[in-house]
Amino acid sequence: DSTTATAAPAAQSAYGTMAEQQLQSYLKGLQATFPSSRFTLKTFQNTGNQSTAVIESYFDFGVDMWTDDKVNMTFETDLTIHHNPVLENGRFDVAQIEWTTRATENTTFELLDLLGDQPIEQGKGTIALNGDITGAIQSARALEGEADDIAFNVPSYTGTFRTYNQGQLADMDITMPSLSVYSTDPYYEGSGLWVTNLRILQSGKPIRDHQWQFNGHNEVSVEKAEFRDEGETVFTLNNSKYTEDSKVDDKGLLQTQFTFAGNAVVDVENPTEKPVQVDSFDVAGTISNLHVDNYLKLMDQFKDDFYGMDSKAVENIMLDILSHGPKVDISKFSLVLNGDKGELSYDIGIQPFTAEERQTRMHLLIMQKLQAHASMDIPVSWLNIFMEDYEIEDFLDETVARGYITRTGDRITSNFSYEMGNMTVNGKPLNMGRGFPF
């Protein structure tokens, strides 16, 4: 499957030149994808049979909303590039690469305290003739540190990746056996999040400046995520998986389908004085017509100066976003609590509006264009989670009498609608003067 050819010195040097060109194209592609970041090939030395290079990656996270200080991370990646070509599985590779990555002193002080200045990642891979880079990565050491009374610990991680189309498309598969983020403040001792077997898969093109959002496929799974409050476990998420398939259409609008499933235990104060067992949950939905460029403009406003932002500019960007009719639709929300199953659904969105309608005050325009719907079909037993037994029948009698819910045996059904400023519950106009029934 794999054949290595030892090239003549002149050819080896030529392969080094090709590798440098491919790296430059790769960094150019990254720069186009993440324009607020900076990717620089600081040095490249071609010695014939191999080259060495240093890449600097700068990520701008705007300002700290509390201190107004700039927040950024800067990494340096040291590469060794071996020029001997390889024919692997029918694909011709120009060179093999090895690298290590570390944070530099230009990283915000608190983040540098967390990351340290020693190598944090190492990897190896290949540069193909067409510019594709394929590789495997792993942590160079345990990542652990503390800043502002928050500590984190990632003992190790491993993964594989492939970048193509000059660095603008990527496939990644990252696994972390464990992860913890917790408070070191004595007042909150024992509070934090502990995760076991986290896996992140992504395939496609990152939506500009948002590595977490791909124009393609995202998938996150976790065996266990445990939230603790002063040493007491209050929420445990088990065997959960989130998937997302996104596409930006030719109008620049994001269309996303997502699912989320798993089981959980919620141990918070409730009338039953027992943890609530979420035997299973299964969620499916869509996000549609979110204008990506305007959304990113809005995020830039929050990122650059949270308190000094231009409120009129924010309003105009919000109107630009809303004019396309964005909508969130949770078509399926199935829950089994303590053995009893319920079904919920909801959607909320804005109807598109014209330039003339846009002249209306924004809050009035939203009231006119907002549409929201919800429905539920749940067992009466769920009410025991929130109410004492003696409260349940009084609540049901009153809400059934008002027509806000329908009770059939041990099931409760209802629906909610808001359109054109009119609100109904179970088909009945909601009299706001009398207050909500719940």
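Figure 1. The chain exposes about 23,400 Å², and carbon and sulfur atoms supply 53% of it. Accessible areas come from the Shrake-Rupley method with a 1.4 Å probe; for residues, only the protein chains shown count as cover. This is a predicted model: local features need pLDDT of at least 70, side-chain atom pairs count only at pLDDT 80 or more, and totals for chains, interfaces and linings use all residues. Residues are numbered from 1 along each chain as its sequence is written, and side-chain values use heavy atoms, with hydrogens and water left out. Of the 438 residues, 40% count as buried (under 20% relative accessible area, 1.4 Å probe, protein chains only). The chain holds 6 helices and 24 strands (DSSP runs, numbered from the N terminus: helices are H or I, at least four residues; strands are E, at least two).

**Figure 2. The largest nonpolar core.** This core has 60 residues, and I81 and L396 have the most contacts inside it. Helix α1 (residues 9-33) gives the most to this core, with 6 residues. Another core lies apart from it, with 9 residues, among them L254, L296, L298 and V314. A nonpolar core is a set of buried Ala, Val, Leu, Ile, Met, Phe, Trp, Tyr and Cys residues joined through side-chain atoms within 4.5 Å.

**Figure 3. Surroundings of I81.** Beyond its neighbours within four places in sequence, I81 is in contact (heavy atoms within 4.5 Å) with A19, L23, F44, N49, Q50, S51, A95, Q96 and I97.

**Figure 4. S139 in strand β8.** Strand β8 spans residues 133-139 and includes S139. S139 is buried, at 11% relative accessible area. Leaving aside neighbours within four places in sequence, S139 contacts I120, E121, P155, S156 and Y157.

**Figure 5. I350 in strand β19.** I350 belongs to strand β19 (residues 340-350). I350 counts as buried because its relative accessibility is 11%. I350 and G325 are 25 residues apart in sequence, yet 4.8 Å apart in space, C-alpha to C-alpha. Not counting residues up to four places away in sequence, I350 touches L322, G325, P326, I366, K369 and L370.

**Figure 6. Residues lining the second largest pocket.** The lining has 25 residues; L335, L337, W382, I385 and F386 are the closest to the pocket centre. Strands β15 (232-248), β16 (253-266), β17 (276-291), β18 (327-337) and β20 (370-379) each supply at least two lining residues.

Conventions
On a 1 Å grid over the protein atoms alone, a cavity is a set of points where a 1.4 Å probe fits but cannot get out, and a pocket is an open set with protein on both sides within 12 Å along at least five of seven lines; lining residues have an atom within 4 Å of a point. Buried means under 20% relative accessible area, exposed over 50%, partly exposed in between (1.4 Å probe, protein chains only).
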